[in-house]
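Please open the structure in a viewer and keep the selection panel at hand.

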Number of protein chains: 2
Amino acid sequence: MARDIGHVAVVGLGLIGSSVARAVKERLPHIAVTGHDASETVRAEARALGFCDRIADEAADAVAAADLVILAVPVGRMTDAARAIAPGLKGDAIISDVGSSKAGVGEALRAALPDHAVIPAHPVAGTENSGPAAGFASLFDGRWCIVTPAADAPADAVAAVTDLWQMLGAKVETMDAAHHDMVLAVTSHLPHLIAYTIVGTASELEEVTESEVIKYSAGGFRDFTRIAASDPVMWRDVFLANKDAVLATLQRFNEDLTVLQQAIRRGDGAKLEDWFTRTRAIRRSIIAEGQDDPAPDFGRRH
Amino acid sequence: MARDIGHVAVVGLGLIGSSVARAVKERLPHIAVTGHDASETVRAEARALGFCDRIADEAADAVAAADLVILAVPVGRMTDAARAIAPGLKGDAIISDVGSSKAGVGEALRAALPDHAVIPAHPVAGTENSGPAAGFASLFDGRWCIVTPAADAPADAVAAVTDLWQMLGAKVETMDAAHHDMVLAVTSHLPHLIAYTIVGTASELEEVTESEVIKYSAGGFRDFTRIAASDPVMWRDVFLANKDAVLATLQRFNEDLTVLQQAIRRGDGAKLEDWFTRTRAIRRSIIAEGQDDPAPDFGRRH
């Protein structure tokens, strides 16, 4: 049986936080939503956009009536955010978050708020845009939200967080935090690291100008620039928080890249063709699972 | 003054060849289009789709009346294709192609057809799909087509190829073939190699199942699977044909990746944030240049 949630507070009103607030307002109109952001500029923008019932200037004030608090700040700021809300929390308020790494965040939140049910969560969704204007209510439709409660987390609090995400359109999976961090290192963190790297590499070559890179980017490069346009502070924190899993998967990637590099150098066409044939099947599975658009070229307009 | 083109032959009727045929039929109805493909299955499919005036069973027959022949076969098959069309060519027929690497292709075509004007070209456009059904007439709209004639190529033949691509919707740039190969190594070949690598890496880890990789791919990984679904034979040939430039840019990429790897290991957040902030600007330039969709997430449906 899930705890009843009549009031949600969202702390951090960027892409994800503002999307949560919009989705709650649109789909769960009986739930009150209060918002807060540490930035005065963001608070003013959020007030103008009107996706919360109220925007509080102070974090502790924002959470005062909340049954569930969702921290949507970069993972490096979770402890600060938890300390800021602590004085205002109701005794039975559930604490959750939306961070992209979970083991460290869970520990930090449990340490900062030892008297509260901490139910970490990660909606695997987003765009390359940032800030309160970038959010939208349908962001979580059909996407997975991974919930990583500690073994002794109260079942009614886990159920409340699970139910909320399902009502916002997501599919929910429960997972051990350490395993989440390994899975996401592969499906999200390593891809971001690689994209950030190649975009940096391409923009600093002597033989090829930046203008040429931009003009001829439709050959494949432009795909990487979307991810490499993601929020720098958020991603800095993800790599620092999930260091071990990221470095472990990066080592596997480097081994594989060396194998293909050698195949190219030796002119081993059979090895290349075999590898490229195997990778083709993965995309078909992703589309079959509803995790990407079946339209060619992501449905870009031609 | 451009040579007059009243008849085009397209040899190789996959994504690019069939898109050329469709675009000519749709936009230049006064030009006759004959097609050929070495595969009987593809010829039958092309006949059923009807995007050429005629599909010939023999390459030499397909080109018999052509003022311009466009070879749209994998770059490793250019010499074979040139030999196959040679017996049927009119004396003043212009030979062009659509290959993704240009120095080797230009040499191969000039060697195989020494009496003809060879004007290599590369439309920087495509999708992850292959085959005659995957093509569409608007594929080249607003994309760049790079023409790489030898220094002594006849000006009227260069003009004819340039005019055709412009009439098919492309913007045309003329470039030295070796420089083309360096530019495309960065903007297309290296991105494909990296995408093929990471998709292979992710599908063969012990700690994370393929099912998990697919489910949580919306965190970034799915973007790479599009490119890694591209035609395996075409890409095998590109890497073999443009080996030197690909290996040179790969070395730069590896250097940069090592720098970021070290920053993560050392916890150097400032270095990461600085890098990620610089890469963000590149995407804005690509969108401003009309080379990608300004909609978030490539305009994917949410």
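Predicted model: local features only at pLDDT ≥ 70, side-chain atom pairs only at ≥ 80, totals over all residues.

Select the strands of chain B. Six of them make up an open sheet with parallel pairing, and their order is β3-β2-β1-β4-β5-β6. Next, select residues 54–55 and 117–118 of chain B, which are β3 and β6. These two strands stand at the edges and each has a single partner strand, so one side of each lacks a neighbour in the sheet.

**Second stop: one strand pair.** Select residues 7–11 of chain B, strand β1, together with residues 32–36 of chain B, strand β2. The two strands run parallel and are joined by five bridges. Within this pair, V11(B) has H36(B) of β2(B) as its bridge partner.

**Third stop: both chains.** Display chain A and chain B together. Chain B is superposed on chain A by a rotation of 180 degrees, with 0.0 Å of shift along the axis and an RMSD of 0.0 Å. The two copies are therefore related as by a two-fold rotation axis. Both copies use the same surface, since 100% of the contact residues of chain B recur in chain A.

**Fourth stop: the contact.** Which chain gives 94 residues to the contact, and which gives 95? Chain B supplies 94 and chain A supplies 95. On the side of chain B that touches chain A, the elements giving two or more residues include α7 (177–202), α11 (243–266) and α12 (269–288) of chain B. Select α7(B) in particular: with 18 residues, α7(B) gives the most to this side. Colouring this side of chain B by class shows 47 nonpolar, 23 polar and 24 charged residues.

Technical notes
Residues numbered from 1 in each chain as written. Chains lettered and ligands numbered in written order. Contact = placed C-beta atoms within 7 Å. Helix = DSSP H or I, 4+ residues; strand = E, 2+ residues; numbered from the N terminus. Nonpolar A, V, L, I, M, F, W, Y, C, P; charged D, E, K, R; others polar. Pairing = 2+ DSSP bridges. Least-squares fit on C-alpha atoms with pLDDT ≥ 70 in both.
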